[in-house]
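Keep the picture open while you read, and look up each spot as we get to it.

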Number of protein chains: 2
Amino acid sequence: MTTPIDGTRVLRDLYELRKIGEYKTGVHRPSLSNEHVMSLQWLVERLKAIDAEPIIDGIGNVLGYGKPTTVKLLAGSHLESQNYAGWLDGALGVVYALEAARVINCNDAFNAAAVEVGAWCDEEGHFGHLLGSRSFCGDVTESEIDAAINRTDSGKMRDALAKAGLAQKKRERLETGRYIGYLEAHVEQGDWLESNDLEAGVVTTIVGVWQFKVNFEGFQNHAGTTRMAIRKDAGLAAAKLCVTIDDCFPKAAGPRTVWTTGRLTLDPGAPSIIPGKAEMLFQIRDADSRVLARMESLLYELVADADRSGPCHAQVESLRKSQPAKMDERFQAALETAAERIVPGKHTRMPSGAGHDAQIFAGQMPAGMLFVPSIGGISHHWLENTSNEDIVLGAQIFTDAAADLLRQELAVSS
Amino acid sequence: MTTPIDGTRVLRDLYELRKIGEYKTGVHRPSLSNEHVMSLQWLVERLKAIDAEPIIDGIGNVLGYGKPTTVKLLAGSHLESQNYAGWLDGALGVVYALEAARVINCNDAFNAAAVEVGAWCDEEGHFGHLLGSRSFCGDVTESEIDAAINRTDSGKMRDALAKAGLAQKKRERLETGRYIGYLEAHVEQGDWLESNDLEAGVVTTIVGVWQFKVNFEGFQNHAGTTRMAIRKDAGLAAAKLCVTIDDCFPKAAGPRTVWTTGRLTLDPGAPSIIPGKAEMLFQIRDADSRVLARMESLLYELVADADRSGPCHAQVESLRKSQPAKMDERFQAALETAAERIVPGKHTRMPSGAGHDAQIFAGQMPAGMLFVPSIGGISHHWLENTSNEDIVLGAQIFTDAAADLLRQELAVSS
């Protein structure tokens, strides 16, 4: 049974959000920037319109608590963006949650059930790692916030919270047992759906992300007077490791394993100085922790080889290991049933290569995720886009799945 | 015939200069910083003590014009340092010039001859390329200074000149025919002298430096959701070129050709984003312009290969080509004769792999350069050093060569 949404309203909301921090056809709305705070206030106004008692908490999460009901589903995503990046990344999931709340909470058929909406601060990691959803789930200490620094401008998160008027606010905490689960929608950010002519993806697992820093130590010297034979060029050593990884990783990888050197810094980085140090940020993602462990071993092996063969020292340091997060089977089934109703035959189950707030909530309660297609698979770039038609289809699938999950629960509890 | 110097005075001067901007056992004295300006004033005081009428000109050069004489030799080097780098790089040549002026200008045997001392601003290229000596030789326009930006903090050179109180001062210009030539001493900055157990190097040629920027254009995308097969990783493309250069350049190089990737920048440089762009600063140095041209062709070939084979575009841009500068044969002979007297059998003729102000003066008049050994060949690093004994031996060779050149000229003109 379909619970009809208002597709025009969904698109209008998303286009309004795009105006806040607009950059070319995308947005620049980093965490706790003026534009981000404006987008939080925008959501507060929309939630007030459906009597959802919205608040912005002490870490910049928006929560819309609904009327007292027996059965509640939590739904949401994030409103900040990567720098100069896509307009739908995060915003789509928040607007879908808002639309589901509008349709379901005001529907007499659901008077004992509601969708509550959340927008989780800093999913994009300007200050940390999924800080908003982790804070809501009780996994962020005050000292982690004290230490959090903006990766673009090195500003303190505390100062940004104060500037946003949130310094004195308390942080909301998830009330145990309040929700039947968490539902999130997101743009796919890859080209799997589009290249297979599909309209919807039901997420099975959110991949684990294992992040490393590789440090190279050579010897800084003059680029004109130091003979090639005696150089210890840390930049060249780092470049060689990138190429060796590119050669060796494919043989050990799973079918969907991905790995990336996102940053490479040569020190001191002057044209006439042989780099004495180099630092490489490297990450591996897979939905299977055994594959992650295998790739990690290979990385350590390649770095040890580089160190042994010289002339520079190389050392790898593990920065962060998030484990793959499984989505709840019943939530997957609800999304699949709704997708089959709206886009018959044009949906698939698939892992998420990107991290999402849903992976945090999956540790607390059943969680599910829906993907809509990304045009050309483009993401974290202002060119990111999804067709209006796909946006509306996705919103309908999302609301239907939310409604079905609530109905199932009402049937059990009645 | 030796014209005896005061070795203790030379060392005292150098140790005094090291106190100005001291960093570990080196100095941090970037161009037009407070510390650099203090070092210029230090030199002004020393030159006043020998009635040299010193001035600091509008680009931060110090010039000590001596008494009216018929025969003059210009000698000097620079007082600013690379960031957190060596204490002798530049300072040694200035103090040698000062000592030669003290010994020769006050010596009755030379009453018709003098050494005039110069300290040339920004040889180290904080704001540009050999700006001080090029300004003195009439090769720097006002608009070049308008555009000059500090490579470390992006501050304008105009603002730095104003802060140093030099904004209203005019720039000094070389008076045609005033000097019989230019003499400069410098630490070798390589390990050739030390590893061959030599005490002095007579520079034959200052190498040409050809500087390039290689730009890679891939496609910025999400590091979790973009399959390996469809990636266009500009960072990986840059790393591959570094390794290919390391493979191919040795076969085409001359015995002393050197090449360096000093900086590699991945854009946007975030751990979870596939770099869409990469920029590589690359330079080649050789004393032979035919070798430089051959290596340049090879670079263009390798970049074109990288561009053709994809998946990223690669393009090379030439930033700057300084041609090798030959030192004057008579100046080389004078330095060699003096070296043979002071350190018999322990000197050699050799090219300079580093750029120096002498290469600018070589375009205007006969020029010569003397090298003293660098311990361990270390340069552009605060560990740079030379033994006290070698410093004093070098000062004696330098003053003797200056005296011999002036004597030769006096003999011709009398």
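Let's begin with B:Phe361, which sits in helix 11 (residues 357-361) of chain B. Helices here are DSSP runs of H or I with at least four residues, strands are runs of E with at least two, and both are numbered from the N terminus. Before going on, a word on the ground rules: this is a predicted model, where local features need pLDDT of at least 70 and side-chain atom pairs count only at pLDDT 80 or more, while totals for chains, interfaces and linings use all residues. Residues are numbered from 1 along each chain as its sequence is written, chains are lettered from A and ligands numbered from 1 in the order in which they are written, and side-chain values use heavy atoms, with hydrogens and water left out.

Is B:Phe361 buried or exposed? Its relative accessibility is 0%, so B:Phe361 counts as buried. (Buried means under 20% relative accessible area, exposed means over 50%, and partly exposed is in between, using a 1.4 Å probe and protein chains only.) Which residues does B:Phe361 touch, if we skip those up to four places away in sequence? They are B:Leu74, B:Trp120, B:Ser133, B:Phe136, B:Cys137 and B:Tyr182, where contact means heavy atoms within 4.5 Å. Now look at B:Met350: B:Phe361 and B:Met350 are 11 residues apart in sequence, and their C-alpha atoms are 19 Å apart in space.

**Rings and charges**

Hop over to chain A. Ring pairs there link A:Trp120, A:Phe136, A:Tyr182 and A:Phe361 into a cluster. Rings of Phe, Tyr and Trp (its six-membered ring) pair if their centres lie within 6.5 Å; planes under 30 degrees apart count as stacked, over 60 as edge-to-face and the rest as tilted. Over all chains, a search of the whole structure finds 22 aromatic pairs.

One of them joins A:Tyr23 and A:Tyr84, and this pair is edge-to-face, with 4.7 Å centre to centre and 65° between the planes. The two residues are 61 residues apart: A:Tyr23 is in strand 1 (residues 22-23) of chain A, while A:Tyr84 is in the loop between strand 5 (71-77) and helix 3 (91-105) of chain A. A:Tyr23 is partly exposed at 27% relative accessible area, and A:Tyr84 is partly exposed at 41%. Then there are A:Tyr182 and A:Phe361, whose ring centres are 4.2 Å apart with planes at 25°, so this pair is stacked. A:Tyr182 belongs to strand 7 (residues 182-187) of chain A and A:Phe361 to helix 11 (residues 357-361) of chain A, so the pair ties together parts 179 residues apart in sequence. Both A:Tyr182 and A:Phe361 are buried.

| Charged residue | Ring | Distance from ring centre |
|---|---|---|
| A:Arg18 | A:Trp87 | 4.0 Å |
| B:Arg18 | B:Trp87 | 4.0 Å |

**Two helices side by side**

Back in chain B, helix 2 (residues 34-48) of chain B packs against helix 3 (residues 91-105) of chain B at an angle of about 10°, with axes 11 Å apart. Axes are lines fitted to C-alpha atoms, for helices over the stretch in contact, and angles run from 0 to 180 degrees between N-to-C directions. That makes helix 2 of chain B roughly parallel to helix 3 of chain B. (Angles under 35 degrees count as roughly parallel, over 145 as roughly antiparallel, 65 to 115 as roughly perpendicular and the rest as oblique.) On the helix 2 side of chain B, the contact is made by B:Trp42, B:Leu43, B:Arg46 and B:Leu47, and on the helix 3 side by B:Val94, B:Val95, B:Leu98 and B:Arg102.

**Backbone details**

Where can you find cis peptide bonds? One runs from B:Asp267 to B:Pro268, with omega near 5°, and another from B:Gly310 to B:Pro311, with omega near 0°. B:Pro268 is in the loop between strand 11 (258-267) and strand 12 (273-274) of chain B. B:Pro311 is in the loop between helix 9 (289-309) and strand 14 (313-321) of chain B.

Note on methods: Lys NZ or Arg CZ within 6 Å of the ring centre and 35° of its normal.
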